[in-house]
There are 2 protein chains.
Amino acid sequence: MQASIDTRQRIVNAAKTRFHSRSYGDVGVKEICDSAEVQKGSFYHFFPSKRDLAIAVIEEFADDWATGFIAEAFDPKLPPMERFDYLIDAAYFWQKAARDIQGHLPGCLFGNLALEISTQDDILRAKLNAVFIMAKKRIMETLDEAVAEGSVEPLDSENSAEAMLAYLEGLILLAKTQNNPDVIHRLGKAIKSIRIETNSL
Amino acid sequence: MQASIDTRQRIVNAAKTRFHSRSYGDVGVKEICDSAEVQKGSFYHFFPSKRDLAIAVIEEFADDWATGFIAEAFDPKLPPMERFDYLIDAAYFWQKAARDIQGHLPGCLFGNLALEISTQDDILRAKLNAVFIMAKKRIMETLDEAVAEGSVEPLDSENSAEAMLAYLEGLILLAKTQNNPDVIHRLGKAIKSIRIETNSL
DNA sequence: ATCATAGTTGACCGGTCAGTCTAATGCAAG
DNA sequence: CTTGCATTAGACTGACCGGTCAACTATGAT
């Protein structure tokens, strides 16, 4: 059926933007249905529960993220370390655009959800963690390339990558708390100074 | 009156632990009242709304934090840069202890609340931001001391302090997502490598 | 044409939400 | 003893929550 795929997608789309700009707990199923112009019954035809919708949202958003935001920033044509400048830039412009439209800086959907629900739902937590692992891998590969290329001294690329990811999430957290995207630009450059040395066993 | 002060305090205490280990949205007024052994009427005698309770919780927790956690870590008797090791250590042990008791790593109350409600309530957001500004100041002072002492090359201490705070919050976010306090230890040492240079105008 | 099935509708469920209200307390000052 | 006020008790409100259900429609295969 045609309409059905569309219906499911409309639900996920409506949920995506709402979960991102508000929170999981604050957005009700009814509100999502209304905005997607779908009835409650149809919602529960596609999703056994609100939680399952959250899983779908995380998966789709992770995909959008990997093929959009991340893929653009980690352009293999760019010198490895320059990609981090693009990453910070992309984060800045994304947050700024959202803030200019909605009036509030939404932050990172994954970070938001992680802090909201990871003490309450281990499966959702694991899904979110998987997204972060994926991002970490991309950073790590970039770091490895930079080392191979000679533009960075050898380091513990896995831990350094994770530390850089933590920093990025932290920046976005502060930017959201200040409702000001400039934080990302102002502090972003320091991401390249984060290093964890290889453990000399 | 004696009991009244105690009642108010019991409400705040019950809310503090619950907001921290779950979320603002997920914890209801009834649950807080039950656990504080207080009636709804008493609750609304002391707090006009749940939101006002949140304000009280943030204020009290900020106080606990400043006089406990932060004051211990930023011990003026320690060499300035060593204080950051203590900070990371304190964060690690706190999160680990909470995880061992509750089964879930609670993260930072301020970070949690910031991501959950700062798009929905500007006053709460400002309160949270004030807590971060206070923490930033403590870090900045420490950095300034280190520079004065000669153990650190001159830098933009205000922005560097903010960047270090972002990193700490990011670490705790990842630790929560993995439900594993080790992240804090594993990546914590890099906090001292974060630097933002003075803008040479 | 007919039948199974996917999708849709909207009324409906019990429970819980934040918040209200009135009446009963306990206590302190006059 | 009494008056007055802060506090507490707990029943209650209406709205909303996530979720269910039985009836209905559209479609594609036989």
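How many of the 9 residues of helix 6 (residues 109-117) of chain A are buried?

The model is predicted: local features need pLDDT of at least 70, side-chain atom pairs count only at pLDDT 80 or more, and totals for chains, interfaces and linings use all residues. Residues are numbered from 1 along each chain as its sequence is written, chains are lettered from A and ligands numbered from 1 in the order in which they are written, and side-chain values use heavy atoms, with hydrogens and water left out.

**View 1. Helix 6 of chain A is mostly covered.** In this helix, 9 of its 9 residues are buried (under 20% relative accessible area, 1.4 Å probe, protein chains only). Among them are L109(A), F110(A), L113(A) and I117(A). G111(A), N112(A) and E116(A) are buried too.

**View 2. Chain A holds 9 helices and 0 strands.** Helices are DSSP runs of H or I with at least four residues, strands are E runs of at least two, and both are numbered from the N terminus. The C-alpha trace spans about 60 × 35 × 35 Å along its principal axes. Of the 201 residues of chain A, 54% count as buried.

View 3. The same surface serves both: 100% of the contact residues of chain B recur in chain A.

**View 4. Chain B meets chain A through 44 residues on each side.** Contact means heavy atoms within 4.5 Å. About 3,800 Å² is buried between the chains, and carbon and sulfur atoms give 63% of this area. Buried area is the accessible area (1.4 Å probe) that two parts lose on being put together, summed over both. In chain B, L115(B), T119(B) and T177(B) lose the most area to chain A, together 18% of what that side buries.

**View 5. R186(A) and E162(B) meet in a salt bridge.** Their side chains lie 2.7 Å apart, N to O. The count between the chains is 2 salt bridges (a side-chain nitrogen of Lys or Arg within 4 Å of a carboxyl oxygen of Asp or Glu). Helix 8 (157-178) of chain B gives the most to the side that touches chain A, with 14 residues.

Terms used: Buried < 20%, exposed > 50% of the residue type's maximum accessible area, 1.4 Å probe, protein only.
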